[in-house]
Amino acid sequence: MNRIILYSLLFKFFTVLTVQATTIHYHIGWEQANSHYFKISVEVSEPDSQISEFRIPAWRPGIYLMQNFTRNVFNVKAVDGIGRILPVTKINKDTWRVENGSVKRFTFKYDYYARQLDAGASYLAEEEAYINPVSLLMYLPGREMQPVTLSLQHPQGWRIATAMDADEKSRFTAENYHELADSPILISPDFKLLEFAENNVLFQLALQGEINFDTDSLVNDVSKIVRSQMKIMQTVPFKRYLFLYHLVNKPFGHGVEHKNSTSIVSGPSSNINNRTYRNLLGTTSHEFFHAWNVERIRPQSLYHPDYSTEAYTGNMWFFEGGTSYYDVISRSRAGMLDRQSVYRRLAGNINRLQQTYGRKLRSVYQVGLDSWGDEFKSPPHTGMSYYLKGSVVTMLLDLAIRRRTDNDKSLDDVMRYLYEKYAAKDRGMPEDGIQKAVEKITGQSFHQFFSDFVYGTKEIDYNRFLNYAGLQAQVDSGKISKAPYTGISTYEKDGRVTIRSVMPESPALFAGMDIDDVLVSVNSRKITLQNVQELIKKYQPGDTLTFTIIRNGGMQKRNLIAAEPVYFPVKLIELPEAGTSQTVIRESWLTGMKSESEN
């Protein structure tokens, strides 16, 4: 009898808890699209506190610097269930406090200005609404892991494209705020929806804008990318995946990854040629691989992050640079890039890195940490892209793994291991997780590799690694500059030839030349926008070039001693004398297929 009473009391207790659990429902609509203001409300039922806080994210995953979306928030207010105004106070730059007292339900409301059309922002106009939830939906601190719902109000005839699923009430559901924040939404009357299936997964392509290419070809090419990357990872973590494309009529290229979708902006849509179409496929390949690498294999700091403060990791070289590497390799294995196209892309990465002076100053790991300090505004010649060096280092790492294991293992195995160890177990990866995974897969130490090329700034001996695959980086004599080295780059400003930058350790620096100096003449020959390069080509290393410059309104002279070229562009060639083991590595690497002797 006592046991029955106890069960009854427990049942009633948990029933009460279920009934009174706090619920959070979002609503997005608009009144005048050309005002660019979304009307947003957050309805909270059964709040468990008399004070509630709402916070707009200060940054978004995909770009790791503060963006302060709070600047777009206006007309904040809160009302209870019968429309009475509740006190609202802004307590810091991105947080508002509501005194909701003992009410059972209240609604927090605000307007959000959205007039930035790129893959990471939100946009509202008469022709469409694009919603990147992390940029405009506030969350309740401490309740980020609670289930949420979303309803959308839009003009009749407009359709919705999103990776979220709707319930029987046409509300979109998300397991928590993080999932909602990671689910972009396109609302439009005229987007084109394409579909295909692969491995029991429905893939959808929503195209907004002017379409001037064969959509059947796009579906075919995207399906090749999907097949190639799913073969690499050997696991499919979604049942439906959405590619959102904005085709804009201006030169543009931008993509942002999401867990079950990607958002890509590409242009000019009115002049799609082979190059712009290839770039579109490259962005598609990059963003889709993120479905594993960074969306699921995720650093601890980005696993259910705090959107109000920095989330530090130095491993963006792997999550972004590694993804750039697989963008190319997966298309090679899909038969979409021939050998020479792959070699040109890999050589291009090497050439751009070798022209980046910042590689000498900071490790690629440090650059990842420093991105929160606004890497895009670093002093001249101190910056370095973790996409760029990361893609190069990842290539070296893959080749080193193959060499050390006689091509029995590769970076593909590392990727799959990371997925099983972290993503499949719903946990973030620690900062040393990549090196530990490589050492686990190979059974060997990679301490020196990571010390030199990830945590250090050691110059890379490219041919050491390329030779593992029977390749060589050879100086491309046809691309060596015919001019002596000065260390100056120029641009046109107010119709005059002006110094844009002066390279460290260069003849121009030692000659005392500076940014914003106006070049008037060299050795008494007048400098113009049309002849500046040709004039310098007339001289040889060791010659003295006397520049007349204008600085701060005054005329000055600077004597510069021209030097030998310091940069020698390379191209990748296959070694004719490559041995069997080198050829086996190369073929396996670029095709994804192992030879019969290896199977």
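Which residue just after H11 takes a positive phi? Gly443 does, at about 70°. Keep in mind as you browse these close-ups that the model is predicted.

View 1. Look for Gly433, Ile434, Gln435, Ala437, Val438, Ile441 and Thr442, which are the buried ones. Their packing partners are four stretches of helix: H6 (316-333), H9 (386-404), H10 (411-421) and H12 (447-454). Just past the end of H11 you will find Gly443 with its positive phi.

**View 2. Lys389 is a buried lysine without a salt bridge.** Lys389 sits in helix H9, one of the helices that the buried residues of H11 pack against. The nearest side chain of opposite charge belongs to Glu459, 6.6 Å away; a salt bridge here would need a side-chain nitrogen within 4 Å of a carboxyl oxygen. Setting aside neighbours within four places in sequence, the contacts of Lys389 are Leu353, Val364, Met384, Phe453 and Gly456.

**View 3. Four strands form an open antiparallel sheet.** Follow the strands in the order S9-S10-S14-S12. At the edges lie S9 (123-125) and S12 (159-162), each pairing on one side only. On average, neighbouring strands of this sheet are turned by 10° against each other, direction ignored.

**View 4. Strands S9 and S10 pair in the antiparallel sense.** Strand S10 covers residues 128-131, and three bridges join S10 to S9. For a handy landmark, find Tyr123 and its bridge partner in S10, Tyr130. Strands of a sheet pair through backbone hydrogen bonds.

Methods
Residues numbered from 1 in each chain as written. Predicted model: local features only at pLDDT ≥ 70, side-chain atom pairs only at ≥ 80, totals over all residues. Heavy atoms only, no water. Pairing = 2+ DSSP bridges. Helix = DSSP H or I, 4+ residues; strand = E, 2+ residues; numbered from the N terminus. Axes fitted to C-alpha atoms, helices over the stretch in contact; angles between N-to-C directions. Buried < 20%, exposed > 50% of the residue type's maximum accessible area, 1.4 Å probe, protein only. Contact = heavy atoms within 4.5 Å. Lys, Arg positive; Asp, Glu negative; His and termini not counted.
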